[in-house]
Amino acid sequence: LYEKQSSFFVQAKTAQSTVSGNVFFNGPRAGINANDGFGGGDEISHNLVFSTCRESGDHGPFNSWDRQPFLTTVRDGSASMTMAWREIHHNFFIDNYSPQEDVDNDDGSAYYKTHHNFLVYGGQGMKNDFGGHDNHHYSNVYAYVGRGLGVCSQRPGHEDRFYDNKLVLTGNDVGGFACDGAAKTVVHDNEYFTASGSIAECKMSLPDWQKRGEDKGSTVAKLPADKEIIGWARKLLGF
């Protein structure tokens, strides 16, 4: 029996784990896998993960699912099916094999704070699908990703958030997300960089979108030099 859905760290029906200071590469599937949303309260930080998914497609350095609710007291001491926030921070992830995302939040994943990471390559920076919600990406540097984000719709009060990020993009579109309605995706104060120095958002140019009061504080410019990107990473991760 050969198992391809394997990782250097797999978490299932477990909470409040710390995964920190590891180097992992050349794996057949995602490097770190969270099988469910049991409890939450986990911290994934200061890891270097690259060359994952070498014998499969999809995923990247990190992958999660959340298909089954669990009743725990982890969030605030009282019984709840709402998990405590998981934090993914100060990691160096490179999605160089079968690239989809460096942080792939699949199948209802919720209550993630992904911040202060250097995330290299991939089809998009942030992902949430099949009922996922409360996914926050902020203060990350995304280097050479196709677009910023691709997320599903949410209910009011559970919107995804994407802000204060630097994005060096290979495409010319911020991404796919809820542009209107009662649960609009919260997007603001990002720095976008493209080959053309322009970018589209919600089927219009960034300046036109901002005239509607959307994506406040965000800017777009032409691609920076690699040396400048590495400088951002050094400052972010302290190396």
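In α2, the buried residues are I229, W232, A233 and L236, where buried means under 20% relative accessible area, exposed over 50% and partly exposed in between, with a 1.4 Å probe and protein chains only. These four cover an arc of only 95° around the axis, and therefore lie on the same side of α2; the arc is that of the directions from the helix axis to the C-beta atoms. The structure is a predicted model, in which local features need pLDDT of at least 70 and side-chain atom pairs count only at pLDDT 80 or more, while totals for chains, interfaces and linings use all residues. Residues are numbered from 1 along each chain as its sequence is written, and side-chain values use heavy atoms, with hydrogens and water left out.

Helix α2 spans residues 226-237, 12 residues in all, and reaches 16 Å from its first C-alpha to its last, close to the 16 Å expected at 1.5 Å a residue. That expected span is 1.5 Å times one less than the number of residues in the helix. Helices (H or I, at least four residues) and strands (E, at least two) are DSSP runs, numbered from the N terminus. On the face turned away from the buried side, α2 carries the exposed residues K227 and K235. The cover over the buried residues of α2 includes β12 (118-120), β15, β18 and β21 (191-194), with contact meaning heavy atoms within 4.5 Å. Just after the helix, G238 takes a positive phi of about 75°.

What, then, of the nonpolar cores? A nonpolar core is a set of buried Ala, Val, Leu, Ile, Met, Phe, Trp, Tyr and Cys residues joined through side-chain atoms within 4.5 Å. The largest has 29 residues, and F62, F93 and Y192 have the most contacts inside it. Two or more residues of this core come from each of β4 (32-34), β15 (141-145), β16 (147-151), β18 (166-169) and α1 (206-211). A second, separate core of 11 residues includes I94, F193, A233 and L236. Leaving aside residues up to four places away in sequence, F93 touches I32, N47, V49, P61, F62, I88, D102, V103, F118, L119 and V120.

Two non-glycine residues with positive phi are also worth a look. H46, with phi near 55°, lies in the loop between β5 (43-45) and β6 (48-50) and is partly exposed, at a relative accessible area of 45%. S51 has a positive phi of about 50° and sits in the loop between β6 and β7 (62-64); at 7% relative accessibility, S51 counts as buried.
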